[in-house]
Amino acid sequence: VGPGTRLLVHAAAGALGTVVASWAASLGATVVGTVSSEAKARVAREHGCRHVVVVPRDGRFAEAVRRQVGGADVIVDGIGRDAAEENWEALAPRGHWISVGNASGPPPPMAAERLVEKSATFSRPVVFAYSDTPAALAERSERVFRAHAEGAIRLTPIERYPLDAAATAHERLEARLTTGALVLVP
């Protein structure tokens with residue numbers, strides 16, 4: 001990710017979305033974020049999204065992404081199944097689609113033949129594969145903390161809930177009423 005990269009990040013006002021958007025923007029990427037409301041669009045813009053798509057209930061966003069930036073070179077997707085077809089439509093030739101979550105269920109299997117259509121790549125990385133040794137974990141952690149200290153990563157306030165209010169936290173997530181991270185505390 002760097003100057004000229006067109007990056008699409010879903011849930012751009014969420015915990016991961018704000019980190020990805022702000023860091024990618026600091027590296028010179030043009031960031032497009034998807035959100036569920038105008039209030040979240042403001043948060044996404046404050047965290048580096050040059051373009052924001054308020055996704056309607058039908059879940060369609062690909063046309064807006066193509067219109068705004070011509071397609072995404074990189075997609076960071078935590079939605080999963082419900083965004084799969086739209087992600088494919090938004091993905092630029094030679095693009096890389098990174099699936100990091102399953103909020104709507106796991107994405108359907110990606111056939112290699114389909115990837116060939118766009119000369120694209122698809123990955124489902126697991127953090128433990130990239131931090132499998134103390135040295136690897138230290139190096140990656142240092143990069144994140146340095147980026148935060150330099151202002152490249154901007155965090156949102158954290159909503160904290162006691163464990164006995166987990167149902168309330170979950171209801172807020174399902175209703176799309178949250179921005180940033182939710183943390184359950186003892």
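**Salt bridges and strands**

Modeller: This is a predicted model. Glu139 and Arg143 form a salt bridge, with their closest N and O atoms 3.5 Å apart.

Colleague: Where do Glu139 and Arg143 sit relative to each other in helix α7?
Modeller: They are four residues apart in helix α7 (residues 134-149), so about one helical turn separates them.

Colleague: Which residue meets Arg140 in a salt bridge?
Modeller: Glu139, at 3.1 Å from N to O. Arg140 is partly exposed, with a relative accessible area of 32%.

Colleague: What about Glu142?
Modeller: The side chain of Glu142 meets that of Arg146 in a salt bridge, 3.5 Å from N to O. Both lie in helix α7, four residues apart, about one turn of the helix.

Colleague: Which residues are joined into one network?
Modeller: Glu139, Arg140 and Arg143, through salt bridges that share partners.

Colleague: How many salt bridges does the count come to?
Modeller: Nine.

Colleague: Switching to strands. What does β1 pair with?
Modeller: Strand β1 (residues 6-9) pairs in the parallel sense with strand β2 (residues 30-35), over four bridges. Val9 has Gly33 in β2 as its bridge partner. β1 also pairs in the parallel sense with strand β4 (residues 72-77), over three bridges, and there Leu8 stands opposite Ile75.

Colleague: Which helix goes with β1 and β2 in the β-α-β unit?
Modeller: Helix α1 (residues 15-26), and the unit is right-handed.

Terms used
Residues numbered from 1 in each chain as written. Predicted model: local features only at pLDDT ≥ 70, side-chain atom pairs only at ≥ 80, totals over all residues. Heavy atoms only, no water. Pairing = 2+ DSSP bridges. Helix = DSSP H or I, 4+ residues; strand = E, 2+ residues; numbered from the N terminus. Right-handed = clockwise from strand over helix to strand, strands pointing away. Salt bridge = Lys/Arg side-chain N within 4 Å of Asp/Glu carboxyl O. Buried < 20%, exposed > 50% of the residue type's maximum accessible area, 1.4 Å probe, protein only.
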